[in-house]
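Welcome! Here are some exercises on reading a protein model, each with a worked solution. Take your time, and keep the picture open while you work.

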Amino acid sequence: MASVETAAEHERILREIESTETNCIGPTLRSVYDGQEHGLFMAKLDLRIRNHDREIEKMCNHHFQGFVDSITELLKVRGEAQKLKSQVTETNRSIQGEGKELMSSMEELRQCRVQQRNIATTMDKLTHCLPVLEMYRRLQEQMEAKRYYPALRTSEQLEQTCLPRAGQYRFCAIMAENLPKLRTQIRDTAMTQLKDFLESIRKHSDKIGETAIRQAQLRRSLDSSVSSHPGVPGVPAHGGVAKSNGGLELDLGVLDMGDEEEPDQVSGAQDLVDFSPVYRCLHIYAVLGLRDVFENYYRKQRRKQARLVLQPHANMHETLEGYRRYFNQIVGFFVVEDHVLHTTQGLVNRAYVEELWDLALSKIVAALRTHSSYCDDPDLVLDLKNLIVLFADTLQDYGFPVSQLFDMLLEMREQYGEILLKKWNLTFRQVLDQDNFSPIPVSDENEFRYYTSQFPLQDPELEKLPFPKKLPFSEFVPKVYCQLKEFIYACLKYSEDLHLSSTEVDDMIRKSTNLLLTRTLSHCLHYAIKKKNVGLAELVQVIINTTHLEQSCHFLEEFISNITNVPPDTANATKLYGTSTFKDARHAAEAEIYTGLNAKIDQFLQLADYDWMASLPSGTVPTPSDYLLDLMAFLKSTFSVFTNLPGKVAQTACMSACKHVSTSLLQLLLDPEVKQVSMGALHQLNADVDECEGFARAGPVAGFQGDTLLLAFSDLRQLLELFIQWDWSAYLADYGKASCKYLRVNPHAALALLEKLRESSRKNVVFAQFRKTERDRQKLIDAVVRQLRNLIAQHHA
């Protein structure tokens, strides 16, 4: 069985060898050597080879006759072939000889065609290379001319279009390597120019702002001239200043600050600024795909510059020039941003500019509030207000909202009013200090018209008097009236250009004038009245002055109405408090007159030196005291000055003086320090009271009815009459009745004086105890004292 399987396996291997390609026979032969019967296989292989050899031999024997026939025919053909070869060789020799010249011509033709092909190829390559070289040359020229944006465009076209067409040449590779370097150089150069531009803008923003503000000022003057002269040919409706999208049209050009304009020429801000570095850098970065980077860098740098511009100088409040420089820088900054907004298509947007303006507005308002609070010069505040208005109008022309600035100006108006009040306080005090408090003498018509032009005096009787004559008031009146008008003018100046209605301006002026009257002028008048060196004559003149000023208040009302064009009877119109102010001052002066009179009377009364233990005069009537005669003479001369006073004031002063004299004499009599009073002293005091009553009867001041002035001495008169006439029975019996003769005698005062009289009588009794009349008088006094005490106790209960 094993030999049969081996034989079958060898047969299979032989078939595979016969049918398999030689390159793949290796695995088949390996299978022979893997077994143990390779000898048998070799024998079988030899057998198979011999079989194939026999088959080949059979096949060759089968075709041998044909092969011999073919050889025979081939031998026959060889002779013919030899002949043909000779003929061909001869023919070839003749052809070669004849085609030699043709070959030479063909070679020349081939060479020409090669050259022609090379020329065409060269021309084709040159058509692609020459534009590259030409464009590269142009690129170099643009770089040398610093035309970076065209150079960047040229490099882009060179790289994307020309170089790929030119082919793989060394110079193209060099160019390709240089183009990124050129772009980097262009980018860096453009950024350097932008930085230079930003630095130049920062340095010269005040010049740009100054020019823009001058343009706005010129436009305002042109607008005002057009409004005042409508329809004037050749005058543009808006000042002839070109605007684009809410801002000035700024041309391109480098910041050229070298050429100064003539003083009478106002150049445009567009003549100072060249924005080409911005545009160029923006375009370059856009081409390079870095527009966002450029926008972020530009906005960041401008925000930093905005913070620097909005930072005011520490001493900005000292001069107007400091404020002007501050405003110029801010205007210059926003003029640039407004132009960039409208010309760069997205480098800055409206939201960015509005954000910057909101930041600037808050800082500007805060800075102005802080620095203006240090100012105490009204002229500087007024100039600052005008500068702020011009600053706001300039920015409003560029489309920036400025309502907060005008709101702040209304706040500053309160500060301006306070500064004006301080200034006018000094002015009023100076006027009062320099016034002589005497009626103004006028010698001719010119002087009279001069003073009546300063103060609205309306006195027909005075005008009829011949010259020379005196005005009833002193220099203080026309000066104060003129200063009131100057104050109103100062308030009006601040209200100009604040876009307020006439009613609002009128209300502001009236409120400020009321503060001036009720606070400043009132304090100054009280200060003048309360001064120590002010005499009665000066106080009288103050009353006359304030009376005339009070009468002039309606002229001030008309004056304000005329300058504001608001009728004084307009509903809700603020009324001036001048009448009450001058009335209060006059009352203060009147009170000071009363106080001064009483103080002067007290000085005379201090000279009183009564002998309270004087004995009764024997057969002679006591004469008035010397001090009292001097006092009456003083009062007569004083009240003679009061003739110019209003009647009630003079009457009140006279009555007050008489009451004070009466009260003072009564106090002297009832002074607790005076322990004893004799009847002789009472008779002397009675003589002094008679002198006072004689003064009252003489009518030192006109206007009193009957013996009204005598009532000032009635208390003292009835008390003295009671003691001198010793009419106690009538007093005690009629006390409390309306018909009582001694109705004005106070029982307490009577008791106090009676006890002093009793002490005097007791002393006399000690030295004259044996005199019956003195003892009886003492008993009588004691009895009256007991009755008075009972009377007081009954009425008190």
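**Exercise 1. Find the residues that Pro-439 touches, not counting residues up to four places away in sequence.**

Solution. Step one: contact means heavy atoms within 4.5 Å. With that rule, Pro-439 touches Lys-470, Leu-471, Pro-472, Phe-473 and Gln-541.

Pro-439 sits in the loop between α12 and β3 (441-442). Helices (H or I, at least four residues) and strands (E, at least two) are DSSP runs, numbered from the N terminus.

The C-alpha atoms of Pro-439 and Pro-472 are separated by 5.3 Å, although the two are 33 residues apart along the chain.

Pro-439 has a relative accessible area of 25%, so it is partly exposed. The cut-offs are under 20% for buried, over 50% for exposed and in between for partly exposed (1.4 Å probe, protein chains only).

A note before you go on: this is a predicted model, in which local features need pLDDT of at least 70 and side-chain atom pairs count only at pLDDT 80 or more, while totals for chains, interfaces and linings use all residues. Residues are numbered from 1 along each chain as its sequence is written, and side-chain values use heavy atoms, with hydrogens and water left out.

**Exercise 2. Which kind of pair do the rings of Phe-334 and Phe-400 form?**

Solution. Step one: recall that a pair of aromatic rings is described by the distance of the centres and the angle of the planes. Rings of Phe, Tyr and Trp (its six-membered ring) pair if their centres lie within 6.5 Å; planes under 30 degrees apart are stacked, over 60 edge-to-face, and the rest tilted.

Step two: count. The structure holds 27 aromatic pairs. In the one between Phe-334 and Phe-400, the centres are 5.3 Å apart and the planes stand at 70°, so the pair is edge-to-face.

Step three: locate both ends. Phe-334 belongs to helix α9 (residues 320-343) and Phe-400 to the loop between α11 (378-397) and α12 (403-434), so the pair ties together parts 66 residues apart in sequence.

Step four: look at burial. Phe-334 is buried at a relative accessible area of 3%, and Phe-400 is buried at 4%.

**Exercise 3. Describe the pair of Trp-728 and Tyr-731.**

Solution. Step one: the ring centres are 6.1 Å apart and the planes are at 85°, so this pair is edge-to-face.

Step two: both residues lie in helix α24 (residues 728-734), 3 residues apart, about one turn of the helix.

Step three: widen the view. Ring pairs link Trp-728 and Tyr-731 into a cluster with Phe-723, Trp-726, Tyr-735 and Tyr-742.

**Exercise 4. Where does Glu-693 lie, and is it buried or exposed?**

Solution. Step one: Glu-693 is part of helix α22 (residues 679-697).

Step two: its relative accessible area is 8%, so Glu-693 is buried.

Step three: leaving aside neighbours within four places in sequence, Glu-693 is in contact with Leu-710, Phe-713 and Arg-717.

**Exercise 5. Which ring does the charged end of Arg-429 sit over?**

Solution. Step one: a charge sits over a ring if NZ of Lys or CZ of Arg is within 6 Å of the ring centre and within 35 degrees of the ring normal.

Step two: the charged end of Arg-429 is over the ring of Tyr-527, 4.0 Å from its centre. Likewise, the charged end of Lys-469 sits over the ring of Phe-467, 4.4 Å from its centre.
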